[in-house]
Every structure is written in C-alpha cells, then in structure tokens.
Amino acid sequence: MTDNTRNGNAASAMDNEQLFDAYRRVRGRKDDRRWAMDAAYALLFDQHASAARVHEALAVQLETFRNIVKDGDGSGDANGTIGTLAVLLGAPEQWAAQRADLWREEGIDAFDYDDTAPLSLRDVLVYAFGFGALATALFWFFMLFRVQDWGAAHMVWRALLPSPMTMGRDGGTLSMGWVAWSGPALPLVIALGVTLINAVYRCVLSAKSFALAVIAAGAVFIVSVAAGSALAMAADAGPRMGMGWMPVAAIAYGLIAYAVSRLWKVPAGRGAETVADDLLLGDDEWLAELTGLLRERNDMTDRDVARIRDEARAHASQSNASLVEEFGSPREYAHRFTPTPVSAGRETVYWAFAVIFAVIGIVWHAVAGETASWWSVAQLAMFLIAFGLALHAWHRRKSEAKGE
Amino acid sequence: MSDSALHEPKWPALWVRAAMRTAILACLEAGPLHGYAIALALEGIGFGRPKGGSLYPILEELKMAGSVVDEWEQSDGGPGRRVYRLTADGRKRLKCERGQWRELADSLASAGMTGNGANQPSNAVIQAASTSSASTAAD
C-alpha cells in the first residue's frame, strides 16, 4: 500500500473535527483549518451536499494539499512560498461551487435537501418543545436582570426555585421576581408558532407553490400572534407566580422533546426509499415527485419548476421513452440543476418582514405612550444588526452573480 | 446499423462530455431548436443522442451563462413548445471554443515532431520505439 493510499484511508476514517485539524497540521497554519471549515459549510449549506460527500471531498482535497506542500509542484511564488489555501484552491465558496458543478455534470447525486423537506408531526413536536425549552431558559435568564432587590424576603427562592407562593396582580411585578401564570407557557407558544410557520411553509411549498406557501405561513403567523396575545391578555388579570417556575418549565419541555424523539420512531420518508423504487414510477407519479422535489429545494422559482417539468414531459413523449428511461429517478434529475438566482431575493423578503414587524412594534410602543425601555432599545438594536447583515449578504450575492 | 448503435457517440465518452457544450452551441447555430431536436442534431454530428437527464441541465447551465435563451414557440395546429436560441454572446463563445478545439487538435497532430516541423519523429520517440521493439523481440 502506497503512502498516498494509506493517508487517504486515514483521512476517510477521521471525523470532521479531526479532518479540519489535519488541514491545520499540514503547515501548522490556523487559516488552513479555517478554509476547510468554510469549505465544508459552503458545500453543506450553500450547495446542499450530503454530509458523507462533503467529508469525502475534503478528505481527497487534503491529500492533494499534502502532496503540493510535500513535493512543491510549483504552486508557490518566486520565493517558493506556497500561498494561502484560498490562493491555491480558490475561495471556499468557489471551491464548493466547482465541486457541486462537477458532481452534477457527472450525474453523481451528491445532494441532500432533507433540511427543506416537509416536517412530520413528530418533527414539529420535537422542535417546538426543544426550542421552547431553550426560549424559556433564555427568557428566565434575562428576567433575572430585571429583579431589583435581591435582599427582599424570599426573593432568591422566588426567582431561582419553584415557589408555592402567589401574588395578586397589583403586587406582583417582574422587578420583585413575579411573572404572570402564562410566563412559562408563552415561550413554548412562541416556539410552537415559529415551528408551525416553518412546517406549513415547507408543506405548502412542496405541494403547491412559493406564493401559496408564503400566504399559508402568513396566516399561521397571524393565528400564532393572536393566540400568544390572547394568552398574555388572559393572564394579565390573573395571579402572579414566582419566576423560579421558568427553569422548571424549561426542563419539562426539554424532557418532553427528548421523550418524543426517542419514543416516536422516525417516519419512513423519502430517505428510506431506494433508487430502485423510484425507477418503477409511472410518468405521472414521476412528474409529481420531481415537481415536489424541485420546489422543496426552495432555490428555484415556481416558473422554473414548471418549465423543467413540462420540458421533461415533452421530451419523453417525443422520444417515445418513459420519463425514468430518459431522466433517471426524480431525485437524481432534481439534484442535477444548479439553483436559479432566487435565494438571495427570498432571504431578503424574510428579513424584510422581520424588520418591518420589529419597527411596527417599536413605533406602536412609542405611539401608545410607553417610554422606551432598555429591552425595546435592545430589540431595535438586534433587528437593525440583523437587517444590516441581511443587506450585506444580499449585496454580496448580487456581486457574486455579476462575477465581481 | 441498429438503433442503439446510432445513439452511441463516435468518440470516447470523456471527449464527448468535454466538448458537449460547444457541440450544443454549434447545433443551435443554424436556428432555434427544441430540446429533443437538439438531441437528434447531436446524434447527427456523432455525439450520440444524450438522454434528457444529461441534456437539460447543460442547457440550463448555458442559459444561466447567457449563451442561449429559451422561448415559447407556438406551432401551427399543434401544441407550443420551448425552443432554445443562440445569443450574440453564445455566438462569440462558439467561435472562441471552435478556435480552441482546432488549436488543441493541431497541437496533438504536431506533438512529437522535430523542431523544423518536418514530418519526422523526435529522437526520444525513436529511442522509446527501439526499446519497445527490443523487449518484444526478447519475449
């Protein structure tokens, strides 16, 4: 066995962290590790490559990199210094795009769009309770900063531990460690609302179109906000309980998420189907499957999806062959297309909605006569930062599209 | 010649894959064609008839590069269909790539010749051939 084969086998056996470290160890440079991590991220999230393919591609590239450094193939400058990996192999995003293009060209189905596939009820419950646990814990953590007099009677117990004490509406304030009875439930309602919005969006996108998916998700958003507001208003007149119940609720939600994930078996989705099953599909089923898969990618316009579907149908009828014979399995064919430049626009829409609603909230706060608190200012700051990041990302994508 | 033989390309698959984009542009030079007609045109120039699964992703790539555009063509008495047409950029690209393929073929044709361009193999080639003949004779 040659050194190269031995090293190649070793690279394949590593996990990702070890693989990134291996990049650093080649020349002892941290930026080489950074390049590998950025390349993995770009392949996974920008190109939707499967985790196994990402690992394989980076392992192969590592061997090439080692050989360049060991043998010095003239890739260096006049002094023989080999530049950064970005100079040698291209920027991580560029390298990832080339890798993905090569797989598509060779007909290798190296892609995995399961992160945009419709969610099952099990997934909704696991994510809702999981994020609910995290949100409840975070809410409680920030509430602790609102407590003003830690020396007051029973304050520590009330704020940190579940206390049987209750207080009427007028005496129970956040600064004294009291929350409305809806306090532990509200973060879960928010988490459930966000998860449902995502689930409905993905489901309608796969079955219908982007436009209908946005409308459906918007409707779920309105219902969620109404439900959350109704809960908060109903609890406003009611008794107060100690803040220490929040961490208890967070732990309970976390345990529920864990129990559901362990006890409710993963439903057999597309991942369980084999290529052989896909190759037995009739033409109508093949077209329906292809259309759903293309929409689920969430990186193509509805018009492009319809065009690809209609062209496949027309081509197969002219060639007197079945769709499977001409195009292979729907999954393989759906994964052969590069994304159409729609992602940047859709991301901008998502962020624009978030910023618009945040600004409306802040303005309403001011118009209703409420004084600006540190919390509302912090919210505005967070959303302005998010808007700035989104604008920067959008501008960068536009520049990439122009080839700058 | 059987149907399946007609569908097979005249040249090795790697060459066909490398030149496929240029070949598609060349097929569109005479006028717009729909997808299946492009496949038949490719077969006619020896590239074999590509499957739809290979052809349309490449057409999509050429479209995103601005080399071709697609448009809906209404036919008389029949269903409309989508046709692909070469753009001005596509014509420039075709001219450039044709020149490059020609240069490549010329380089291969003259590789191993002596420096004065005469049709004689170089010393290295002669020596290699001699070594090979000696081995064969010994066997």
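The points below cover the basis of the values, a surface patch and the nonpolar cores.

The model is predicted: local features need pLDDT of at least 70, side-chain atom pairs count only at pLDDT 80 or more, and totals for chains, interfaces and linings use all residues. Residues are numbered from 1 along each chain as its sequence is written, chains are lettered from A and ligands numbered from 1 in the order in which they are written, and side-chain values use heavy atoms, without hydrogens and water.

**Surface patch**

- A nonpolar patch on the surface includes A:Y127, A:F131, A:F142 and A:V194, and its residues together have about 1,000 Å² of accessible area (Shrake-Rupley method, 1.4 Å probe, only the protein chains shown counting as cover for residues).
- Patch residues have over 30% relative accessible area and no salt bridge, with nonpolar side chains (Val, Leu, Ile, Met, Phe, Trp, Tyr) joined within 5 Å and like charges within 9 Å; a salt bridge is a side-chain nitrogen of Lys or Arg within 4 Å of a carboxyl oxygen of Asp or Glu.
- Helix α7 of chain A gives the largest share of the patch, 7 residues (helices are DSSP runs of H or I, at least four residues, and strands are runs of E, at least two, numbered from the N terminus).
- A:Y127 lies in α7 of chain A and counts as partly exposed because its relative accessibility is 38% (buried is under 20%, exposed over 50%, partly exposed in between; 1.4 Å probe, protein chains only).

**Nonpolar cores**

- The largest nonpolar core has 37 residues, of which A:W286, A:Y333, B:I24, B:I38 and B:L42 touch the most other members (a core is a set of buried Ala, Val, Leu, Ile, Met, Phe, Trp, Tyr and Cys residues joined through side-chain atoms within 4.5 Å).
- Elements giving this core two or more residues include α13 of chain A and β3 of chain B, while α2(B) supplies the largest share, 7 residues.
- Another core, of 26 residues, lies apart from it and includes A:L19 and A:L85.
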